[in-house]
Every structure is written in C-alpha cells, then in structure tokens.
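Hi,

Here is the structure I promised to pass on to you. Have a look at it first, and then read my notes below.

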Amino acid sequence: MPEVQVYSDPGALARAAAERFVVLAKDIIAARGRFVVALAGGSTPRAMYTLLASEAFAGRVDWECVHIFWGDERCVPPIHPNSNYRMAHEALLAQVPVPEGNIHRMYAEIEPSRAAVEYERSLRAFFALDNANQFETGGFPSFDLILLGMGDDGHTASLFPGTAAIHERERWVVAHYIEKLEAWRLTLTPPVLNAAANIIFLVSGGGKAERLQQVLRGPYQPDTLPAQIIKPVGGHLSWLVDRAAAELL
Ligand code: 6PG
C-alpha cells in the first residue's frame, strides 16, 4: 500500500511537500552530487513551489546541483498562461539559483510529436551522462523525485482516461490530443514515471475526494483511473493530500 498522509489544509500540504523536497534533495545530493526532479503542473503544486523559493526553504537546497524536468506539459509556448513551465518558473525557478543548463523544459511550442521526440532525446542524453544513476529499471531512467497531481477525472501527468498513453511501454515521452480538452499534451510515460526512486502525489480539495477514494481504495481500472497506473518498480510512492480530498478515505 502506498503511503498516504493527510494534512489539515492546502497550506499544511504545501509545507509538508516542500519539506520532503528539501530532505530528499539534501540526502540525494550528499549521496550522488545531484538531484533530478520532474515537476508536476496544474495549480496544486504552485503553493509548494512558492514555499520552496521562500526564505524558510530556499537556503536549505543546493540549487546548483538540482536538475529540473517536467512530467508533462501543455502544447503551448513557455510564456502562455497555461504553460506548466511558466507556472514553475514564476513560482520557483526565477527565484532560486538553478543553473540555466539544469532546467530542461519541454519544447511544447513546436509540433507535438516532434516535441515528444526531442524531449526523449534530451532525457536519453542526460541520463546517459548521469553515471550516478545506478537505479536503472528495464532501461528506463530513474528520476530521484517525480511530483504528480491528480485531476478530478483520475488523470495524472497527461495520462488521461481512455488514452493509449496509459499503456505505452516503449517510448519515454508521448504527445497526444486530448479530446475533452481540445488540446495537445506532452507526457512522460508510465514506465518512466514508475522508474522513479520517489514519487509524490499532491492532491487537494473536496472536488477530488470521490476520485481519490476510487483510485486508492477501489478496483484497479487504470483506463478509467490513470493515476492507478503509478506503481513505482522499486521506488517509494507517497500521497500527500489535504483533509478535504481525504474526506472519503
Ligand atoms: C497538468 C498536470 C495535471 C495536474 C492535474 C491536477 O498539466 O495539468 O500535470 O496532471 O496535476 O490536472 O491539476 P490541479 O493541481 O490544477 O488540480
């Protein structure tokens, strides 16, 4: 069973998530000299990112050793209000000294399938050089930490219900058109997500309570509830949720 921690409110959830980030970064940088993270998009993580940039947390991370990737991206330019890169840049990356070369955004402004190929290429190049990455799982790269959210439809990253990407087993990154959003998305695939050493879901709000109960306590049906596909091969999975989201657990 994954670890599930319930916090009183979104602020407490953000603080707990920021604390976990800092502790993981310290331990992993001490052990391997770098900390490789894939950020979640959407709105929930913003409070955590803002906290990480705050005086209370920023000084506790050796940002020079941190590499930032994204778990998924909307196919829009980086300055677009919907861009996950823009959200993380505004809330965190513009405020802390992560070297420019350590920020690996998805080129979501170009043709989607090419953006997916380019991102996979950059991942392969990075992890090929990353000889500290001993935790290979079936040839897939192992991020030190992947942050994920969950939509009220049970999606995670940009693995949406009914999409073939849920069952992708070869490619590291895919681009696909999401009918209900009438938009293209880029996403890391389940084998890459599940190769992570640490995965932390952040889920907040009563609107997700029913879905969270289904995902965590209901039957395994990843086509309907893609968040259920997240089962790290050897890593640690944590769900950090607030009381409103945990109402039905
Ligand atoms: C995205 C995210 C997505 C998000 C969920 C939850 O690009 O939107 O990666 O998976 O985590 O949709 O979003 P909220 O945090 O806004 O509820």
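**What I found**

A polar side-chain atom of Arg-185 lies 3.4 Å from an oxygen atom of the ligand; a polar contact here is a pair of N or O atoms within 3.5 Å, and within protein one must be able to donate a hydrogen and the other to accept it, while residues adjacent in sequence count only if both atoms are side-chain atoms.

Before going on, some housekeeping: this is a predicted model, where local features need pLDDT of at least 70 and side-chain atom pairs count only at pLDDT 80 or more, while totals for chains, interfaces and linings use all residues. Residues are numbered from 1 along each chain as its sequence is written, and side-chain values use heavy atoms, with hydrogens and water left out.

Back to the ligand. For Arg-74, the distance from a polar side-chain atom to a ligand oxygen is 2.7 Å, and for an N or O atom in the side chain of Lys-208 it is 2.4 Å. In total, 15 residues surround the ligand, counting a residue as near if one of its heavy atoms lies within 4 Å. The closest are Ser-43, Thr-44, Asp-72, Ala-157 and Lys-208.

Now the sheet. In what order do the 6 strands of the open sheet run? The order is β1-β9-β8-β5-β2-β3, with parallel pairing. The edge strands, pairing on one side only, are β1 (3–7) and β3 (66–70). Helices (H or I, at least four residues) and strands (E, at least two) are DSSP runs numbered from the N terminus, and two strands pair if DSSP finds at least two bridges between them. Neighbouring strands are turned by 20 degrees against each other on average, direction ignored; axes are lines fitted to C-alpha atoms, for helices over the stretch in contact, and angles run from 0 to 180 degrees between N-to-C directions.

Take a closer look at β9 (residues 236–242). With β8 (residues 198–203) it pairs over 6 bridges, and with β1 over 5 bridges. Trp-239 in β9 is the bridge partner of Val-4, and Phe-201 stands opposite Trp-239 as well. Of the 7 residues of β9, 6 are buried (buried means under 20% relative accessible area, exposed over 50%, partly exposed in between, with a 1.4 Å probe and protein chains only).

Helix α1 (residues 10–32) touches β1, β2, β3, β5, β8 and β9, and its direction makes about 155 degrees with that of β9; contact means heavy atoms within 4.5 Å. Helix α5 (residues 112–129) lies across β2 and β3, at about 155 degrees to β3.

What about the core? The largest nonpolar core has 87 residues, a core being a set of buried Ala, Val, Leu, Ile, Met, Phe, Trp, Tyr and Cys residues joined through side-chain atoms within 4.5 Å. Phe-143 and Trp-239 are among the members that touch the most others. The largest share, 12 residues, comes from α1.

Finally, two loop residues. Gly-154 sits in the loop between β5 and β6 (173–178). Is Gly-154 buried or exposed? Gly-154 counts as buried because its relative accessibility is 0%. Leaving aside neighbours within four places in sequence, Gly-154 is in contact with Arg-211, Leu-225, Pro-226 and Ala-227. Gln-228, in the loop between α7 (209–217) and β9, is buried, with a relative accessible area of 6%.

Cheers
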